[in-house]
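I opened my notebook to go through this structure piece by piece. Here is what I looked up, in order.

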Amino acid sequence: MKSLCFLVLSLLLASRAFGVSIIKRIPVAKGYDPGSCKNETHGNEVLVKNRADEEKIVICVKDKGVYQWKSTDGSQNTVGEFFNPGYDCADILNKRQDAKDGFYWITLKLSNPKKMWCDMTTDGGGYTLIGRMNTSVTWSLPSNDIPVGPFGEPHWSSSVGDAPVLDFRLQMATKEDFKSTIAHWSFRLQSTRPLKKLLTTTDGCDQRSAGIGNIAYVKDLRTERIVTTTLRCSKFGLAYPPASHFGWPKMNSCFAKSCPWGFAFFAIGSYKQQLDHYGAFSYSTTGSMSGMGKNATAFVGCDNQVKIWVVKGYDPGSCNQQSHLKEVLVKDRNDDDMILICVRENNVYNIFAVTLREYYIFFCKIGDRTIVH
(Lines give C-alpha, C1' and ligand atoms only; values in the text may rest on other atoms or scores of the structure.)
Protein backbone atom coordinates (compact mmCIF):
# COMPACT_ATOMS: atom_id res chain seq x y z
CA MET A 1 0.00 0.00 0.00
CA LYS A 2 2.85 2.33 0.86
CA SER A 3 4.51 1.51 -2.45
CA LEU A 4 1.29 2.38 -4.36
CA CYS A 5 0.91 5.70 -2.57
CA PHE A 6 4.57 6.48 -3.22
CA LEU A 7 4.12 5.70 -6.94
CA VAL A 8 1.06 7.95 -7.29
CA LEU A 9 2.80 10.77 -5.43
CA SER A 10 5.93 10.37 -7.57
CA LEU A 11 3.86 10.58 -10.78
CA LEU A 12 2.09 13.71 -9.52
CA LEU A 13 5.36 15.40 -8.60
CA ALA A 14 6.90 14.41 -11.90
CA SER A 15 4.01 15.89 -13.90
CA ARG A 16 4.35 19.17 -12.06
CA ALA A 17 8.13 19.16 -12.47
CA PHE A 18 7.93 18.72 -16.21
CA GLY A 19 4.98 21.08 -16.67
CA VAL A 20 2.63 18.34 -17.80
CA SER A 21 -1.07 19.18 -17.49
CA ILE A 22 -4.16 17.14 -18.28
CA ILE A 23 -6.54 19.05 -20.61
CA LYS A 24 -10.22 18.19 -20.41
CA ARG A 25 -11.90 18.53 -23.77
CA ILE A 26 -15.42 19.96 -23.59
CA PRO A 27 -17.87 18.23 -25.94
CA VAL A 28 -19.35 20.45 -28.64
CA ALA A 29 -23.09 20.20 -29.32
CA LYS A 30 -24.39 20.63 -32.83
CA GLY A 31 -26.68 23.61 -32.49
CA TYR A 32 -28.53 24.84 -29.43
CA ASP A 33 -29.36 21.59 -27.61
CA PRO A 34 -26.84 20.40 -24.97
CA GLY A 35 -28.83 17.20 -24.43
CA SER A 36 -30.44 15.85 -21.27
CA CYS A 37 -29.43 17.15 -17.87
CA LYS A 38 -29.84 14.24 -15.43
CA ASN A 39 -27.98 12.16 -12.86
CA GLU A 40 -25.79 10.54 -15.51
CA THR A 41 -24.70 13.91 -16.95
CA HIS A 42 -24.51 15.76 -13.61
CA GLY A 43 -21.42 17.99 -13.66
CA ASN A 44 -20.88 17.70 -17.43
CA GLU A 45 -20.00 20.79 -19.44
CA VAL A 46 -21.12 21.29 -23.04
CA LEU A 47 -20.32 23.95 -25.64
CA VAL A 48 -23.56 25.10 -27.33
CA LYS A 49 -24.95 28.02 -29.29
CA ASN A 50 -27.07 30.46 -27.32
CA ARG A 51 -30.13 32.32 -28.64
CA ALA A 52 -27.83 34.96 -30.22
CA ASP A 53 -25.86 32.23 -32.06
CA GLU A 54 -22.82 32.76 -29.82
CA GLU A 55 -20.89 29.83 -28.38
CA LYS A 56 -21.40 29.38 -24.63
CA ILE A 57 -20.39 26.72 -22.10
CA VAL A 58 -23.17 25.33 -19.93
CA ILE A 59 -22.97 22.85 -17.07
CA CYS A 60 -25.51 20.36 -15.77
CA VAL A 61 -26.22 21.13 -12.11
CA LYS A 62 -28.67 19.95 -9.49
CA ASP A 63 -30.45 22.92 -7.92
CA LYS A 64 -33.02 22.26 -5.19
CA GLY A 65 -33.41 18.70 -6.38
CA VAL A 66 -33.91 19.65 -10.03
CA TYR A 67 -31.36 18.97 -12.76
CA GLN A 68 -30.91 21.90 -15.15
CA TRP A 69 -28.39 23.48 -17.44
CA LYS A 70 -26.78 26.71 -16.26
CA SER A 71 -24.02 28.97 -17.51
CA THR A 72 -20.63 28.08 -16.11
CA ASP A 73 -20.29 31.30 -14.15
CA GLY A 74 -23.77 30.85 -12.69
CA SER A 75 -24.68 34.48 -13.28
CA GLN A 76 -26.38 34.44 -16.67
CA ASN A 77 -30.15 34.03 -16.72
CA THR A 78 -30.83 31.21 -19.19
CA VAL A 79 -34.61 31.72 -19.55
CA GLY A 80 -35.33 31.93 -23.27
CA GLU A 81 -32.51 29.59 -24.29
CA PHE A 82 -33.29 26.39 -26.18
CA PHE A 83 -32.79 24.25 -23.07
CA ASN A 84 -34.81 26.64 -20.88
CA PRO A 85 -37.49 28.15 -23.13
CA GLY A 86 -40.30 30.43 -22.00
CA TYR A 87 -43.95 29.87 -22.77
CA ASP A 88 -44.01 33.09 -24.81
CA CYS A 89 -42.26 36.46 -24.92
CA ALA A 90 -44.33 37.82 -22.02
CA ASP A 91 -43.39 34.82 -19.88
CA ILE A 92 -39.70 35.43 -20.56
CA LEU A 93 -40.07 39.11 -19.68
CA ASN A 94 -41.71 38.15 -16.38
CA LYS A 95 -38.81 35.84 -15.53
CA ARG A 96 -35.99 38.13 -16.66
CA GLN A 97 -37.13 41.72 -16.38
CA ASP A 98 -33.83 42.98 -17.80
CA ALA A 99 -34.59 41.19 -21.08
CA LYS A 100 -33.77 43.17 -24.22
CA ASP A 101 -35.30 42.93 -27.70
CA GLY A 102 -33.98 39.91 -29.53
CA PHE A 103 -34.41 36.26 -30.42
CA TYR A 104 -35.64 33.87 -27.73
CA TRP A 105 -36.91 30.29 -27.62
CA ILE A 106 -40.56 29.83 -26.69
CA THR A 107 -42.72 26.71 -26.40
CA LEU A 108 -46.42 27.71 -26.54
CA LYS A 109 -46.87 24.26 -24.97
CA LEU A 110 -45.60 22.66 -28.18
CA SER A 111 -43.32 19.64 -28.24
CA ASN A 112 -40.43 21.57 -29.83
CA PRO A 113 -39.35 25.11 -28.91
CA LYS A 114 -39.67 27.85 -31.55
CA LYS A 115 -37.11 30.61 -32.05
CA MET A 116 -38.92 33.97 -32.28
CA TRP A 117 -37.99 37.65 -32.10
CA CYS A 118 -39.40 39.30 -28.96
CA ASP A 119 -40.06 43.01 -28.57
CA MET A 120 -39.49 43.56 -24.86
CA THR A 121 -39.90 47.35 -24.79
CA THR A 122 -42.90 48.59 -26.83
CA ASP A 123 -46.14 49.14 -24.88
CA GLY A 124 -45.01 47.09 -21.91
CA GLY A 125 -43.16 44.48 -23.98
CA GLY A 126 -43.88 40.81 -24.57
CA TYR A 127 -44.70 41.06 -28.30
CA THR A 128 -43.77 38.31 -30.79
CA LEU A 129 -42.65 39.33 -34.29
CA ILE A 130 -44.64 37.37 -36.88
CA GLY A 131 -44.14 39.27 -40.13
CA ARG A 132 -41.97 41.72 -42.04
CA MET A 133 -42.57 43.49 -45.37
CA ASN A 134 -40.64 46.04 -47.42
CA THR A 135 -43.58 46.86 -49.67
CA SER A 136 -47.26 47.48 -49.06
CA VAL A 137 -48.16 44.66 -51.45
CA THR A 138 -49.20 41.91 -49.05
CA TRP A 139 -50.50 39.18 -51.35
CA SER A 140 -47.14 37.82 -52.55
CA LEU A 141 -45.47 37.74 -49.13
CA PRO A 142 -44.54 34.11 -48.39
CA SER A 143 -44.78 32.34 -45.06
CA ASN A 144 -42.34 29.77 -43.66
CA ASP A 145 -40.89 28.47 -40.41
CA ILE A 146 -37.72 30.60 -40.58
CA PRO A 147 -37.63 32.98 -37.58
CA VAL A 148 -38.75 36.48 -38.60
CA GLY A 149 -36.23 39.18 -37.74
CA PRO A 150 -36.64 42.97 -37.95
CA PHE A 151 -33.84 43.14 -40.55
CA GLY A 152 -34.20 39.76 -42.25
CA GLU A 153 -35.89 38.59 -45.42
CA PRO A 154 -39.55 39.70 -45.71
CA HIS A 155 -41.99 36.91 -44.84
CA TRP A 156 -44.69 35.78 -42.42
CA SER A 157 -44.04 33.20 -39.72
CA SER A 158 -45.82 29.88 -40.15
CA SER A 159 -44.64 28.60 -36.75
CA VAL A 160 -47.22 29.97 -34.31
CA GLY A 161 -50.58 29.50 -36.01
CA ASP A 162 -52.04 27.81 -32.93
CA ALA A 163 -50.91 30.58 -30.57
CA PRO A 164 -53.79 32.38 -28.79
CA VAL A 165 -53.60 36.03 -29.83
CA LEU A 166 -54.86 38.96 -27.77
CA ASP A 167 -53.15 41.90 -29.54
CA PHE A 168 -52.15 42.38 -33.18
CA ARG A 169 -49.75 45.23 -33.91
CA LEU A 170 -48.48 46.98 -37.04
CA GLN A 171 -45.56 49.38 -37.39
CA MET A 172 -44.67 51.28 -40.57
CA ALA A 173 -41.52 53.30 -41.27
CA THR A 174 -39.59 54.79 -44.18
CA LYS A 175 -36.25 53.43 -42.94
CA GLU A 176 -35.33 49.88 -42.07
CA ASP A 177 -34.21 50.73 -38.52
CA PHE A 178 -37.79 51.94 -37.79
CA LYS A 179 -36.53 55.13 -36.18
CA SER A 180 -38.54 57.01 -38.80
CA THR A 181 -41.87 55.41 -37.87
CA ILE A 182 -44.85 57.11 -39.51
CA ALA A 183 -47.59 54.74 -38.30
CA HIS A 184 -47.83 52.41 -35.33
CA TRP A 185 -51.00 50.94 -33.86
CA SER A 186 -52.34 47.82 -32.21
CA PHE A 187 -55.70 46.03 -32.19
CA ARG A 188 -56.83 44.66 -28.82
CA LEU A 189 -59.23 41.79 -29.38
CA GLN A 190 -62.22 41.24 -27.12
CA SER A 191 -61.10 37.64 -26.57
CA THR A 192 -58.17 35.50 -27.59
CA ARG A 193 -58.25 33.35 -30.70
CA PRO A 194 -55.61 31.33 -32.57
CA LEU A 195 -53.49 33.34 -34.97
CA LYS A 196 -54.60 30.98 -37.76
CA LYS A 197 -58.14 32.29 -37.17
CA LEU A 198 -57.21 35.99 -37.05
CA LEU A 199 -59.33 36.88 -40.09
CA THR A 200 -63.06 36.25 -40.11
CA THR A 201 -66.37 37.16 -41.76
CA THR A 202 -68.17 37.47 -38.40
CA ASP A 203 -67.71 39.43 -35.16
CA GLY A 204 -68.18 42.84 -36.80
CA CYS A 205 -67.01 41.78 -40.25
CA ASP A 206 -69.63 40.47 -42.67
CA GLN A 207 -70.32 38.33 -45.71
CA ARG A 208 -68.91 41.00 -48.01
CA SER A 209 -65.85 42.08 -46.03
CA ALA A 210 -63.41 39.72 -44.28
CA GLY A 211 -60.96 41.10 -41.78
CA ILE A 212 -59.79 41.28 -38.19
CA GLY A 213 -63.05 41.10 -36.25
CA ASN A 214 -64.09 41.22 -32.61
CA ILE A 215 -61.90 44.28 -31.94
CA ALA A 216 -62.21 45.83 -28.49
CA TYR A 217 -60.15 48.95 -29.12
CA VAL A 218 -57.33 50.44 -31.20
CA LYS A 219 -54.30 52.03 -29.59
CA ASP A 220 -52.08 54.53 -31.40
CA LEU A 221 -48.66 53.58 -30.06
CA ARG A 222 -47.07 56.82 -31.25
CA THR A 223 -49.26 58.82 -28.87
CA GLU A 224 -49.91 55.90 -26.45
CA ARG A 225 -53.62 56.70 -26.55
CA ILE A 226 -56.65 54.55 -27.25
CA VAL A 227 -58.16 56.20 -30.34
CA THR A 228 -61.37 54.19 -30.72
CA THR A 229 -63.51 51.68 -28.87
CA THR A 230 -66.18 51.43 -31.57
CA LEU A 231 -64.23 49.72 -34.36
CA ARG A 232 -65.21 46.07 -34.68
CA CYS A 233 -63.71 45.02 -38.03
CA SER A 234 -60.55 46.03 -39.89
CA LYS A 235 -61.29 44.97 -43.47
CA PHE A 236 -58.61 42.77 -45.01
CA GLY A 237 -60.33 41.94 -48.29
CA LEU A 238 -63.33 40.34 -49.94
CA ALA A 239 -65.27 37.70 -48.04
CA TYR A 240 -64.53 34.66 -50.17
CA PRO A 241 -66.08 31.36 -48.99
CA PRO A 242 -64.14 29.85 -46.05
CA ALA A 243 -63.21 26.81 -48.18
CA SER A 244 -61.41 29.00 -50.74
CA HIS A 245 -57.75 28.25 -51.37
CA PHE A 246 -56.87 31.92 -51.71
CA GLY A 247 -57.69 35.25 -50.06
CA TRP A 248 -58.42 35.60 -46.35
CA PRO A 249 -58.88 31.83 -45.70
CA LYS A 250 -55.47 31.18 -47.26
CA MET A 251 -53.94 34.02 -45.21
CA ASN A 252 -55.17 32.34 -42.04
CA SER A 253 -53.71 29.00 -43.09
CA CYS A 254 -50.39 30.65 -44.01
CA PHE A 255 -49.90 31.43 -40.31
CA ALA A 256 -49.87 27.68 -39.63
CA LYS A 257 -48.12 26.21 -42.69
CA SER A 258 -45.70 27.28 -45.38
CA CYS A 259 -47.11 29.38 -48.25
CA PRO A 260 -44.27 29.97 -50.74
CA TRP A 261 -46.41 32.14 -53.04
CA GLY A 262 -48.38 34.08 -50.45
CA PHE A 263 -52.14 34.01 -49.90
CA ALA A 264 -53.51 35.38 -53.18
CA PHE A 265 -52.45 32.58 -55.49
CA PHE A 266 -54.09 29.30 -56.36
CA ALA A 267 -51.15 26.95 -56.77
CA ILE A 268 -50.77 23.33 -57.86
CA GLY A 269 -47.18 22.23 -58.17
CA SER A 270 -45.29 24.79 -60.23
CA TYR A 271 -48.51 26.26 -61.63
CA LYS A 272 -49.90 29.34 -59.89
CA GLN A 273 -52.49 31.95 -60.74
CA GLN A 274 -53.32 35.09 -58.78
CA LEU A 275 -57.00 35.18 -57.86
CA ASP A 276 -57.01 37.88 -55.20
CA HIS A 277 -55.82 41.52 -55.24
CA TYR A 278 -56.69 42.54 -51.70
CA GLY A 279 -54.86 42.52 -48.40
CA ALA A 280 -54.95 45.56 -46.11
CA PHE A 281 -54.78 46.62 -42.47
CA SER A 282 -56.50 49.78 -41.28
CA TYR A 283 -58.53 51.41 -38.57
CA SER A 284 -61.19 54.10 -38.34
CA THR A 285 -61.89 56.38 -35.41
CA THR A 286 -65.41 57.08 -36.66
CA GLY A 287 -66.89 53.82 -37.91
CA SER A 288 -67.39 50.22 -36.84
CA MET A 289 -65.58 48.94 -39.95
CA SER A 290 -62.46 50.35 -41.59
CA GLY A 291 -60.96 50.04 -45.05
CA MET A 292 -60.79 51.88 -48.33
CA GLY A 293 -64.10 53.67 -48.80
CA LYS A 294 -64.97 53.12 -45.12
CA ASN A 295 -63.48 56.27 -43.56
CA ALA A 296 -60.15 54.69 -42.70
CA THR A 297 -58.08 56.88 -40.40
CA ALA A 298 -54.96 54.87 -41.29
CA PHE A 299 -54.61 52.36 -44.11
CA VAL A 300 -51.74 50.20 -45.40
CA GLY A 301 -51.86 47.46 -47.99
CA CYS A 302 -53.95 47.02 -51.12
CA ASP A 303 -57.65 47.11 -51.93
CA ASN A 304 -58.42 45.61 -55.37
CA GLN A 305 -54.88 46.52 -56.51
CA VAL A 306 -55.36 50.14 -55.40
CA LYS A 307 -52.54 51.44 -53.22
CA ILE A 308 -51.87 54.91 -54.61
CA TRP A 309 -54.50 57.48 -55.53
CA VAL A 310 -53.81 59.23 -58.85
CA VAL A 311 -54.65 62.92 -59.08
CA LYS A 312 -54.88 64.88 -62.32
CA GLY A 313 -52.78 67.92 -61.64
CA TYR A 314 -50.69 69.27 -58.82
CA ASP A 315 -53.04 69.31 -55.82
CA PRO A 316 -53.00 66.17 -53.60
CA GLY A 317 -55.94 67.46 -51.58
CA SER A 318 -56.29 67.94 -47.85
CA CYS A 319 -53.96 66.20 -45.42
CA ASN A 320 -56.00 65.38 -42.34
CA GLN A 321 -57.28 62.52 -40.22
CA GLN A 322 -59.33 61.10 -43.09
CA SER A 323 -56.36 61.01 -45.47
CA HIS A 324 -53.74 59.84 -42.94
CA LEU A 325 -51.19 57.55 -44.70
CA LYS A 326 -52.91 58.15 -48.03
CA GLU A 327 -50.45 58.12 -50.93
CA VAL A 328 -51.20 60.30 -53.96
CA LEU A 329 -49.59 60.49 -57.38
CA VAL A 330 -49.40 64.15 -58.49
CA LYS A 331 -47.43 66.36 -60.83
CA ASP A 332 -44.47 68.28 -59.40
CA ARG A 333 -43.39 71.76 -60.51
CA ASN A 334 -41.47 70.19 -63.41
CA ASP A 335 -44.57 68.26 -64.52
CA ASP A 336 -42.96 64.97 -63.49
CA ASP A 337 -44.85 62.35 -61.49
CA MET A 338 -44.28 62.45 -57.74
CA ILE A 339 -45.76 60.39 -54.88
CA LEU A 340 -46.81 62.21 -51.72
CA ILE A 341 -47.99 60.76 -48.43
CA CYS A 342 -50.01 62.35 -45.64
CA VAL A 343 -48.52 61.59 -42.21
CA ARG A 344 -48.99 62.85 -38.69
CA GLU A 345 -45.99 64.27 -36.82
CA ASN A 346 -46.49 65.52 -33.25
CA ASN A 347 -50.27 65.58 -33.82
CA VAL A 348 -49.82 67.78 -36.91
CA TYR A 349 -50.74 66.42 -40.36
CA ASN A 350 -48.16 67.13 -43.07
CA ILE A 351 -47.47 65.98 -46.62
CA PHE A 352 -44.11 64.39 -47.41
CA ALA A 353 -42.58 63.14 -50.64
CA VAL A 354 -42.13 59.37 -50.73
CA THR A 355 -38.48 58.94 -51.63
CA LEU A 356 -37.67 55.79 -49.67
CA ARG A 357 -39.06 52.29 -49.44
CA GLU A 358 -41.69 51.49 -46.89
CA TYR A 359 -41.00 48.92 -44.18
CA TYR A 360 -43.59 47.09 -42.12
CA ILE A 361 -43.34 44.75 -39.16
CA PHE A 362 -46.20 42.85 -37.54
CA PHE A 363 -46.37 41.62 -33.95
CA CYS A 364 -48.83 39.71 -31.83
CA LYS A 365 -49.12 39.43 -28.09
CA ILE A 366 -49.95 35.87 -27.21
CA GLY A 367 -52.67 35.01 -24.70
CA ASP A 368 -53.85 37.15 -21.81
CA ARG A 369 -50.71 36.75 -19.74
CA THR A 370 -49.99 39.67 -17.42
CA ILE A 371 -46.52 41.16 -17.55
CA VAL A 372 -45.16 41.91 -14.08
CA HIS A 373 -42.75 44.84 -13.80
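Which residue in β12 stands opposite Leu-199? I found Ile-212 there. Before going further I noted that this is a predicted model, where local features need pLDDT of at least 70, side-chain atom pairs count only at pLDDT 80 or more, and totals for chains, interfaces and linings use all residues. Residues are numbered from 1 along each chain as its sequence is written, and side-chain values use heavy atoms, with hydrogens and water left out.

**Entry: the open sheet**

I looked up the strands around that pair. Helices (H or I, at least four residues) and strands (E, at least two) are DSSP runs, numbered from the N terminus. Two strands pair if DSSP finds at least two bridges between them. β11 and β12 (residues 209-212) are joined by 2 bridges and run antiparallel. They belong to an open sheet of 4 strands, in the order β11-β12-β15-β19, with mixed pairing. At the edges I found β11 (199-200) and β19 (289-290), and each of these pairs on one side only.

**Entry: a hairpin**

Next I looked at β16 (residues 265-268) and β17 (residues 271-274). They run antiparallel, with 4 bridges between them. Phe-265 has Gln-274 in β17 as its bridge partner. The two strands form a hairpin, and 2 residues sit between them. In the turn, Gly-269 has a positive phi of about 65°.

**Entry: the cores**

I then searched for nonpolar cores. A nonpolar core is a set of buried Ala, Val, Leu, Ile, Met, Phe, Trp, Tyr and Cys residues joined through side-chain atoms within 4.5 Å. Buried means under 20% relative accessible area, exposed over 50%, and partly exposed in between (1.4 Å probe, protein chains only). The largest core holds 60 residues. Trp-185, Phe-187, Ile-212, Phe-281 and Phe-362 have the most contacts inside it. Strand β10 (residues 181-194) gives the largest share, 5 residues. A second, separate core has 9 residues, including Val-148 and Tyr-359.

Contact means heavy atoms within 4.5 Å. Leaving aside neighbours within four places in sequence, Phe-362 touches residues including Leu-129, Met-133, Trp-156, Phe-168 and Phe-281.

**Entry: salt bridges**

How many salt bridges does a search of the whole structure find? I got 8. A salt bridge is a side-chain nitrogen of Lys or Arg within 4 Å of a carboxyl oxygen of Asp or Glu.

I checked Asp-53 and Lys-115, whose closest N and O atoms are 3.5 Å apart. Asp-53 lies in the loop between β1 (45-49) and β2 (55-63) and Lys-115 in strand β5 (residues 114-119), so the pair ties together parts 62 residues apart in sequence. Asp-53 is partly exposed at 42% relative accessibility. Lys-115 is buried at 13%.

Asp-167 and Arg-188 form another salt bridge, at 2.8 Å from N to O. Asp-167 is in strand β9 and Arg-188 in strand β10, so this pair ties together parts 21 residues apart in sequence. Asp-167 is buried at 2%, while Arg-188 is partly exposed at 24%.

**Entry: disulfides**

A disulfide is a pair of cysteine sulfur atoms within 2.5 Å. I counted 4 of them in the structure.

Cys-37 is in the loop between α1 (2-17) and β1, and Cys-60 is in strand β2, 23 residues apart.

Cys-89 and Cys-118 are joined at 2.0 Å, S to S. This link is left-handed, with -70° about the S-S bond. Cys-89 lies in helix α2 (residues 89-95) and Cys-118 in strand β5, so the pair ties together parts 29 residues apart in sequence. Cys-89 and Cys-118 are both buried.

Cys-205 and Cys-233 are also joined at 2.0 Å, S to S. Here the torsion about the S-S bond is about 95°, so the disulfide is right-handed. Both Cys-205 and Cys-233 are buried.

Cys-364 is buried at 0% relative accessibility.
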